[in-house]
Amino acid sequence: IIYFCFIVNLAECVPEKPKRSALNQLTRTLLRKYDSGVRPVHNWTSSTTVYIDLILQSVLDVDGKTQSITTSIWYRQIWRDEFLVWDPEDFDGITELSLSSDAIWVPDVIVTEFVEEGKSPPIPYVYVNSSGSVRNYRPIQAVLACSLEMYAFPFDRQNCSLTFRSWLHSVKEIDLALWRSAEAIAGDKREFMNDGEWELLSVPSQYWHIRQDDADYAQIQFNLLIRRRPLLYVVGLLIPSIFLMLVDVVSFCLPLNSGTRIAFKISILLGYTVFRVNLTDELPATARRTPLIGVFFAVCMAMLMLSLIKSILVVKLLHHSEKEVKQMSLSACLLDRYGSAGHSLSESELVSLRMAFSQEDSESSAQVEWLSLCLRLDRLLFRLYLLVLAVYTGTLLLLWARWSFT
């Protein structure tokens, strides 16, 4: 009796083993016989529909040289796992829990334009509710291959696509669908960081099948339509260049025979060269074709050189009949010859002197006419220069307008 009582008291002193929590029991129950390598359907002939949603947060970089774009997006996948279904009443009313994404089946949906996946915070969990609906939400910083069109820079628009598809499963096994309507996704700009260089226009989407290896694969493509804000480049690149061109035009008011015009135009050309070299890094680098702004700078440089050559040509024509060295004038020669010795001028000498003076007057009259001709030529070339400059500027503006609004 004493032994029995001792055993009873000892049993009462031993603490009761705590029961597992309902969440722990539910997790163990769901994953006890779960195989993450098997598509979660009871009937293998039925397909698993993966719903996809996309929210663009920001455009981090656009690289025309490598033809790539770096974006930050929120990506969501929703599908139904028929092996992860339970009755909430059996587990203290639990209707939702998080599971490790490595412990369950996850669809092999990829983005075909991926070049590399940037720095993204790892999200190792997915949410599962009692009906078997699995939600996989994660942020992605992705570097995407994109056919960039930099011709209209800085008034350019870009259209880059993200195409989601299953890597191995055909549409009979994995089908894709949009979680929200295409209109709702296209107009959703709430999360986009709208204070940067790029403006989000729209995110249209479309669904279709692609035929490959005698099987159909489902695809959903999102098109990121973005537009560059050109104000920074207009103020920093185009306006200073236009100011230098205007200064060059005003320099035609300087007199031809002073020599100041050529020196001034050389200074403008050197200043524009330094300006162009300092802004090389601001221009897009592309191997397909030269952007319009590159053509703009090249033609501006050519126009400045043409203006300098025109001025040099006119100055050369203005002074083409002058001797390089002139020792003294006719009157100085006469004074040097007759003034010092006190010689009296004979009649023949007076006649020759009158002829010399009349010849000098005719030469000065010819120089005045030649100067007038050079000035008229300068005005004519100046008008032609303005005409070429106006046609060039108008053509460039029309091309920019065409490419920025198409």
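Colleague: In the largest nonpolar core, which residues touch the most other members?

Modeller: A nonpolar core is a set of buried Ala, Val, Leu, Ile, Met, Phe, Trp, Tyr and Cys residues joined through side-chain atoms within 4.5 Å. Buried stands for under 20% relative accessible area, exposed for over 50%, and partly exposed for the range in between, with a 1.4 Å probe and protein chains only. The largest core has 49 residues, and those touching the most other members are I52, I69, L84, V128, F164, L176 and F222.

Colleague: Which strand gives the most to this core?

Modeller: Strands (E, at least two residues) and helices (H or I, at least four) are DSSP runs numbered from the N terminus. With six residues, the largest contribution comes from residues 48–63, which form strand β1.

Colleague: What pLDDT is required for local features, given that this is a predicted model?

Modeller: Residues are numbered from 1 along each chain as its sequence is written, and side-chain values use heavy atoms, with hydrogens and water left out. In this predicted model, totals for chains, interfaces and linings use all residues, side-chain atom pairs count only at pLDDT 80 or more, and local features need a pLDDT of at least 70.

Colleague: How many helices and strands does the protein chain have, and what share of its residues counts as buried?

Modeller: The secondary structure comes to eight helices and twelve strands. Of the 406 residues in the chain, the share that counts as buried is 35%.

Colleague: Among contacts between residues at least 6 apart in sequence, what percentage joins residues at least 24 apart?

Modeller: A contact is defined by heavy atoms within 4.5 Å. For the protein chain, the percentage that joins residues at least 24 apart is 77%.

Colleague: Is S166 buried or exposed, and what is its relative accessible area?

Modeller: S166 belongs to strand β8, residues 157–166. Leaving out residues up to four places away in sequence, S166 touches D108, V109, I174, Y217 and A218. S166 is buried, because its relative accessible area is 3%.

Colleague: Which side chain makes a polar contact with the side chain of S166?

Modeller: A polar contact is a pair of N or O atoms within 3.5 Å; within protein, one must be able to donate a hydrogen and the other to accept it, and residues adjacent in sequence count only if both atoms are side-chain atoms. A polar atom of the S166 side chain also lies 3.0 Å from the backbone nitrogen of H169. The side-chain partner, at 2.8 Å, is D108.

Colleague: How far from R39 is the nearest side chain of opposite charge?

Modeller: R39 lies in the loop between α2 (22–31) and β1. Its side chain has a polar atom 2.8 Å from the backbone oxygen of S46, and a polar contact of 3.2 Å joins the side chains of R39 and T48. For charge, Lys and Arg count as positive and Asp and Glu as negative, with His and the chain ends not counted. R39 is buried and has no salt bridge; the nearest side chain of opposite charge is that of E173, at 5.1 Å.

Colleague: How many salt bridges are found in the whole structure?

Modeller: A salt bridge is a side-chain nitrogen of Lys or Arg within 4 Å of a carboxyl oxygen of Asp or Glu. For the whole structure, the search gives a count of ten.

Colleague: How many residues apart in sequence are the parts tied together by R135 and E96?

Modeller: R135 forms a salt bridge with E96, and their closest N and O atoms are 2.2 Å apart. R135 lies in strand β7 (residues 133–145) and E96 in strand β3 (residues 96–100), so the pair ties together parts whose separation in sequence is 39 residues.

Colleague: With which residue does E199 form a salt bridge?

Modeller: E199 lies in strand β10 and its partner in strand β12 (residues 215–228), so the pair ties together parts 28 residues apart in sequence. The closest N and O atoms are 3.0 Å apart, and the partner is R227.

Colleague: How far apart in space are N194 and Q57, C-alpha to C-alpha?

Modeller: N194 lies in the loop between α3 (182–186) and β10 (198–202). Apart from neighbours within four places in sequence, N194 is in contact with E199, L200 and R229. N194 and Q57 are 137 residues apart in sequence, and their C-alpha to C-alpha separation in space is 9.0 Å.
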